[in-house]
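User: I've got a model open on my screen and I'd like to learn how to read it. Could you take me through it step by step?

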Amino acid sequence: MTPDKPLLDIPEDYQLGLRVSEEGTVISVGDGIIWVQGLPSAMMDEVLELEDGSRALVFLLDPEKLGAIVLEQKATLSSGISARRSGRRLDIHTGDSLLGRVLDPLGQPLDGQPAPANGERGLLEVPSPPILNRDFVSRPLYTGNRIIDSQIPIGKGQRQLIVGDSGLGKTSLAIDCILRQQSEDVICIYVSVGQTRSNVATVIETLREHDALSYTTLVVAEANELCGCRYLAPFAGCAIAEHWMQKGRDTLIIYDDLTQHAQAYRELSLLLHRPPGREAYPGDIFYLHSRLLERSTVLAPQYGGGSMTALPVVETKQGEISSYIPTNLISITDGQIYLDQKLFAAGILPAIDVTRSVSRIGGKAQHPAIKKEAGRIRLDYLQFLELEAFTRFGTRLEPAMEAKLKRGRVLREIMIQDRLSPVDAGAQLAWLIAYNEQRLDDWPPKQIGAALGQLQSGADGSDLTLDSPREQWLKAIDHWLHTP
Ligand SMILES: Nc1ncnc2c1ncn2[C@@H]1O[C@H](COP(=O)(O)OP(=O)(O)OP(=O)(O)O)[C@@H](O)[C@H]1O
Ligand SMILES: [Mg+2]
């Protein structure tokens, strides 16, 4: 035997050494969470791989043990099995292959089609873009709603809350807004949290019927899902939208609804023994929603100029907007659209209460022509409401006041808008001019809807733009209103 021949054939660049890998043990399993012992270097938000193929996400670090959210639960998940760190954080598929798809918050398809092709991925939790990477909100996002686009305008990159009691049309408003994006280059993401399966199915069917799926992605965590899934859904939707925003695209994301999201977070926190605060929500519930909504913004031109507009939905009880979660969200967002029970009961649909709705930044993004025409309408309407309340006592009015009342009633008829019939910008300007020039005053209230329809089809077929001179618009309006 030759003395220089090595015992083992080891490659030269191989370095011998010890690799330490931690192995933990699941010590208890319950209601969508697990406790694990023996992983001292695990980090927050790290994915854990369990022996039976289940996965969990580190959510709470204690000196002796850690609490984790179950992401995928196999039937064999039980205490005693081993757990290993993956060194990775949770991410999801992103990119154009997701258009028209319905996914769960982990990126698994729920629409019966194959999983999205392997491609780019985005992390669920990332810091929001720094201030210097952002631009001002300066371009309008049309919702197709007559009241919103004129009185409570929304700009691209804005966060506008939809708030109202159960069943007042919050989801319908959000869906109409998605339908309106058909003629715009805006990608929509609809995140459904804690809704029943039939509600989700109705939304998907509506979008399909109106050919809106081709530019929409849905992220769904139903009411009967694990609380971890419901907690992660908005972040998954946000990561998907963020990818397009960074590619310079305009996106619209709807979180339907954040009350359910807050409740899922509360459930998780209580299960993991985190100290409860007001209404049993954990102390960082404000941070939960602010870090989510801060990720919606407009990027500066040197970063692609993309945008993410957010329409979070929150449910109130008995119209109480000063309860905990709604007030938090009102203070985080750039304005709110308030839906009112009394208007709904009176059949004024959508039941948007103009007096309590505001948009703090959208006015800057409104087209100058629309802004000019819409300027006085809100004030006129508020005066009308006051006058109407006053005349309930049977007061006799001067003719000028009578005229004001009459105009207010016309305005109220204009505000009534059917579901699934978004108005485009031209028709929007047309009704504003027609109203300001008193062209609708002589129509009987019940016929106002028909007049608006004439304006809409007139504007659709004409080549007038928002920048065309006002006289041309007025001439066209007179023509459209007199050709039934
Ligand atoms: N503009 C409208 N015109 C006519 N009906 C409407 C309009 N908007 C909403 N509705 C009706 O109001 C009902 C409730 O609407 P929707 O489900 O959107 O409310 P929601 O606030 O999302 O309810 P939930 O709290 O259960 O999620 C639906 O039956 C819908 O058809
Ligand atoms: Mg709803």
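User: How many helices and strands does the protein have?

Analyst: Helices (H or I, at least four residues) and strands (E, at least two) are DSSP runs, numbered from the N terminus. Here the count is 14 helices and 16 strands. Mind that this is a predicted model, where local features need pLDDT of at least 70, side-chain atom pairs count only at pLDDT 80 or more, and totals for chains, interfaces and linings use all residues. Residues are numbered from 1 along each chain as its sequence is written, while chains are lettered from A and ligands numbered from 1 in the order in which they are written.

User: Which residues does Leu 411 touch?

Analyst: Contact means that the C-beta atoms of two residues, placed from the backbone, lie within 7 Å. Leaving out residues up to four places away in sequence, Leu 411 touches Ile 377, Tyr 381, Phe 384 and Tyr 435.

User: At what angle do H12 and H14 cross?

Analyst: Axes are lines fitted to C-alpha atoms, for helices over the stretch in contact, and angles run from 0 to 180 degrees between N-to-C directions. The axes of H12 (residues 425-436) and H14 (residues 470-482) cross at roughly 85 degrees and come within 10 Å. So H12 is roughly perpendicular to H14; that label covers 65 to 115 degrees, with under 35 roughly parallel, over 145 roughly antiparallel and the rest oblique.

User: Which residues meet there?

Analyst: H12 brings Leu 429, Ala 430, Ile 433 and Ala 434, and H14 brings Arg 470, Trp 473, Leu 474 and Ile 477. Ala, Val, Leu, Ile, Met, Phe, Trp, Tyr, Cys and Pro count as nonpolar, Asp, Glu, Lys and Arg as charged, and the others, Gly among them, as polar. That gives seven nonpolar, no polar and one charged.

User: Where does ligand 1 lie?

Analyst: Domain bounds come from an automatic or database domain assignment. Ligand 1 lies between domain 2 (92-365) and domain 3 (372-482), because both give residues to its shell. Helix H2 (residues 170-180) gives the most, with three residues. The shell divides into three nonpolar, seven polar and four charged residues.
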